Amino acid sequence: MSSEIDYRRIGRHFRAARQQLNLKQKDVAELLGVSVKTYSNMERGAQELSLYRIIQLLSLIHISEP
């Protein structure tokens with residue numbers, strides 16, 4: 001079992017949830033207090049996410065797991 005975190009997979013889940021809620025990346029970025037580019041990187045898995053940020057995203061999109 002690998003202990004590496006698959007940030008691309010996590011990002012895909014957040015993107016799907018955001019799209020299901022009809023939100024734009026800009027909307028979520030503003031709620032998080034980050035730039036659109038930073039949020040885009042989160043969705044693409046190009047940026048590591050802290051546990052705090054994952055919990056923050058989960059709270060915003062109202063799902064219990066990525």
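**Exercise 1.** Which side chain meets Arg 18 in a salt bridge? Work from this predicted model.

*Solution.* 
- Step 1. The partner of Arg 18 is Glu 43, at 2.5 Å from N to O.
- Step 2. Arg 18 lies in helix H1 and Glu 43 in helix H3, so the pair ties together parts 25 residues apart in sequence.
- Step 3. Check accessibility. Buried means under 20% relative accessible area. Arg 18 has 7%, so Arg 18 counts as buried. Glu 43 has 1% and is buried.

**Exercise 2.** Find the network of salt bridges that holds Glu 43.

*Solution.* 
- Step 1. Glu 43 also forms a salt bridge with Arg 15, with the closest N and O atoms 3.9 Å apart.
- Step 2. Arg 15 is in helix H1 (residues 7–20) and Glu 43 in helix H3 (residues 36–44), so this pair joins parts 28 residues apart in sequence.
- Step 3. Arg 15 is partly exposed, at 26% relative accessibility.
- Step 4. The network links Arg 15, Arg 18 and Glu 43.

**Exercise 3.** Describe how helices H2 and H4 cross.

*Solution.* 
- Step 1. Take the axes of H2 (residues 25–32) and H4 (residues 51–61). They come within 11 Å and cross at roughly 120°.
- Step 2. The two helices are therefore oblique to each other.
- Step 3. The crossing is right-handed.
- Step 4. List the contact. H2 gives Val 28, Leu 31 and Leu 32; H4 gives Arg 53, Gln 56, Leu 57 and Leu 60.
- Step 5. Sort these residues: five are nonpolar, one is polar and one is charged.

Terms used:
Residues are numbered from 1 along each chain as its sequence is written. This is a predicted model: local features need pLDDT of at least 70, side-chain atom pairs count only at pLDDT 80 or more; totals for chains, interfaces and linings use all residues. Side-chain values use heavy atoms; hydrogens and water are left out. Axes are lines fitted to C-alpha atoms, for helices over the stretch in contact, and angles run from 0 to 180 degrees between N-to-C directions. Helices (H or I, at least four residues) and strands (E, at least two) are DSSP runs, numbered from the N terminus. Angles under 35 degrees count as roughly parallel, over 145 as roughly antiparallel, 65 to 115 as roughly perpendicular and the rest as oblique. A crossing is left-handed if the near helix is turned anticlockwise from the far one by less than a right angle, and right-handed if clockwise. Contact means heavy atoms within 4.5 Å. Ala, Val, Leu, Ile, Met, Phe, Trp, Tyr, Cys and Pro count as nonpolar, Asp, Glu, Lys and Arg as charged, and the others, Gly among them, as polar. A salt bridge is a side-chain nitrogen of Lys or Arg within 4 Å of a carboxyl oxygen of Asp or Glu. Buried means under 20% relative accessible area, exposed over 50%, partly exposed in between (1.4 Å probe, protein chains only).
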